[in-house]
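Open the model in your viewer and keep the selection panel at hand. Each stop below says what to select and what is there.

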Amino acid sequence: MASPPEQPTTIQNLPGELLSEIMIRVPAKPLARMRSVSKSWNHLLSQPSFIKSHLHRSLHNNNDEILLVLADRGFDDPFADRGFHDTFSVTAHFSGSPHLELTDFVKPPVVMSRFESETFEFLGSVNGLICFCYRLDYVYSAFHLESYNGLVIQIWNPSLSTILALPPCQLPYPNVNFTYACFRFGYDPKTDDYKLFKLMRGVKESLHVEVYSLRKDSWGLITQRFSWHVTQFSNEDKVCVDGCDGCLHWLGYIGEGSMLQTIVAFDLGMETFSEISLPKFERFWHNLGVIAGKLCLLSRTKNLECEVWVMNEYGVAKSWVKRNVISELRGVFYPYGFTPSNKFLFATLDDSFGLYDPISANTKIMASIKRSIKVVRYVESLVWMAPVRI
Amino acid sequence: MSKKTLTLMSKDKQLFNIEEHLAVQSVTIRNMVKEDGASSVIPLPRVDSETLALVIEYLNRQQAPEEDEDYVKKFVDERGEIPTLLELAQAALDLDIKKLMDAACMKVADLIKDFTLEEVREALRIENDRTPEEEKAIRDEFQWAF
């Protein structure tokens, strides 16, 4: 119904542009509810273009960055409560000044029952989605979830409180044929798809790769033979920087027992491997990260200097530049990486982790690390996933 | 830069004067001035006089850059009525005044996020075009959100 021009503006005759500008500022959970307001709202809020705009705004609103600290639970974890539901922990920290711990900001999904869960591991996080897995009790799985071969993988959207269980993969793990598995979770902007990458080492040192696509909701085997001379992967990724330029990155060792390293990249869109040369730096303790959207290498030298090498032009080995981003930070620490708002995350020698803001030169010690952790950014995401019912 | 004055005309034909160097914070006005010098009156046929007065008040602010963010928030907070905010947001969008648009939209979003569905419909005057059955289906799907 068209309103006469004299009438005050209502949302019905507001241009779609204004409506979108307002709605991309509403958090994910109220938006889920507002799908019921009317059919046209439901239509708008379900549009992939709207979901992307909403995500884009959440990602680039750096004023109030909230970090989630995800702590795994291991089989022999002394901190794990053997009771129900307290199977892993998520704490939210406001990274701005003053530093705040936000209690009950995110509630971990209830995924466990008394029959389940011996180990629990966070596999990765990108754009507000968090991927994790847990191993079922063997007796239970034999009766109920045989096809999973013990390992249940789920994608969790904490801003919508929804969880998606992944379908069974083609090469199940754990399995006698494979000695090792490494997972990465990333986003490919070209296909607007979220993917879980799984690499396994076979008994004869052969490497097998399988990729899950959220868009297709299925797994596919990757047949490309890759990185022929890379024998070992370093799977340290404490800040979940996957998806830089639509690619996943690892440090790989060349040759058995060698210290020679290279960067192995996997293009999530093309599903192909490539290799990127490292800069010449003093090797002691280092890992990969992302700073301001660029791939970087964080290195701790023997005389306790911390170097940050930035790859200015993606994939171009000549473009590595050493930058003095954290030269002001004193003391002994291990570099973890940078948060999306370029704050530097590190672990101290006494097993705490801290955050350093290169702009204000402020340092905060945030919490002690009791278990294996990943630090990820909380991002409002509208990637709809049906809630799991248990 | 000389302190040249521009005249803006609202939808209801009221005239407002504003110094050009302040008016060109609006990208739309800046482009109009660039194109034809805008010697005469600039008509703004979609902005009513009440809203235009607010926009002019905002453009006339004399704020240090570091205080500006706080000022914009406060400016919008003090006009917390949704119909006013919608008019202001629309005007800021049309006139391409980014900070004002951002703050006004953010305020509306903040207000409606805790509203019940009925309150959202009432505040924004939306007709519920769903049958009770359809509404129930959505409610069941997103039970956790209600």
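How many residues of chain A are in contact with chain B, and how many of chain B with chain A? The contact takes in 25 residues of chain A and 30 residues of chain B. Keep in mind that this is a predicted model.

**Stop 1: the chain A side of the interface**

Select helix 1 (16-23) and helix 2 (28-34) of chain A. These are the elements that give two or more residues to the side of chain A that touches chain B. Helix 2 of chain A brings the largest share, 5 residues. Now colour that side of chain A by class. You will find 12 nonpolar, 6 polar and 7 charged residues.

**Stop 2**

Two packed helices are described by the angle between their axes and the distance between the axes.

Show side chains next. On helix 1 of chain A, pick A:Glu17, A:Leu18 and A:Glu21. They meet B:Ala89, B:Gln90 and B:Leu93 on helix 5 of chain B. By class, this contact has 3 nonpolar, 1 polar and 2 charged residues.

**Stop 3: helix 7 of chain B**

Move to helix 7 (residues 117-124) of chain B. Which of its residues are buried? They are B:Leu117, B:Val120 and B:Leu124. Look down the axis: these residues cover an arc of only 60°, so they sit on the same side of helix 7 of chain B. Turn to the other side of helix 7 of chain B, where B:Glu118, B:Glu119 and B:Glu122 are exposed.

What covers the buried residues of helix 7 of chain B? The cover includes helix 2 of chain A and helix 6 (98-112) of chain B. Step past the end of helix 7 of chain B to B:Arg125, which follows it and has a positive phi, near 50°.

**Stop 4: helix 4 against helix 6 in chain B**

Stay in chain B and select helix 4 and helix 6. Their axes are 9 Å apart, and they pack at an angle of about 50°. That angle makes helix 4 of chain B oblique to helix 6 of chain B. The crossing is right-handed.

Helix 4 of chain B gives B:Val72, B:Lys73, B:Val76 and B:Asp77 to this contact. From helix 6 of chain B come B:Lys99, B:Leu100, B:Ala103, B:Ala104 and B:Lys107. By class there are 5 nonpolar, no polar and 4 charged residues.

**Stop 5: a loop in chain B**

Select B:Gln62. It lies in the loop between helix 3 (49-59) and helix 4 (65-77) of chain B. Is B:Gln62 buried or exposed? B:Gln62 has 6 other C-beta atoms within 10 Å; 12 or fewer count as exposed, so B:Gln62 is exposed. Draw a distance from B:Gln62 to B:Leu22. These residues are 40 apart along the chain, and their C-alpha atoms are separated by 9.8 Å.

**Stop 6: chain A as a whole**

Chain A has 5 helices and 24 strands. Of its 390 residues, 36% are buried. Count the contacts in chain A with a separation of 6 or more: 50% of them join residues 24 or more positions apart.

**Stop 7: two loops with positive phi**

Select A:Asp192, in the loop between strand 8 (178-188) and strand 9 (193-202) of chain A. Its phi is positive, near 50°, in a residue other than glycine. A:Asp192 is partly exposed, with 15 other C-beta atoms within 10 Å.

Then go to A:Ala361, in the loop between strand 22 (352-357) and strand 23 (362-368) of chain A. A:Ala361 is not a glycine, yet its phi is positive, about 60°. A:Ala361 is exposed, with 10 other C-beta atoms within 10 Å.

**Stop 8: A:Phe233**

Finish on A:Phe233, in strand 12 (residues 230-234) of chain A. A:Phe233 is partly exposed, with 18 other C-beta atoms within 10 Å. Which residues does A:Phe233 touch, not counting those up to four places away in sequence? They are A:Cys182, A:Trp250 and A:Gly252.

Technical notes: Residues numbered from 1 in each chain as written. Chains lettered and ligands numbered in written order. Predicted model: local features only at pLDDT ≥ 70, side-chain atom pairs only at ≥ 80, totals over all residues. Contact = placed C-beta atoms within 7 Å. Helix = DSSP H or I, 4+ residues; strand = E, 2+ residues; numbered from the N terminus. Nonpolar A, V, L, I, M, F, W, Y, C, P; charged D, E, K, R; others polar. Buried ≥ 20, exposed ≤ 12 C-beta atoms within 10 Å, placed from the backbone. Arc of directions from axis to C-beta. Axes fitted to C-alpha atoms, helices over the stretch in contact; angles between N-to-C directions. Parallel < 35°, antiparallel > 145°, perpendicular 65-115°, else oblique. Left-handed = near helix turned anticlockwise from the far one by under 90°.
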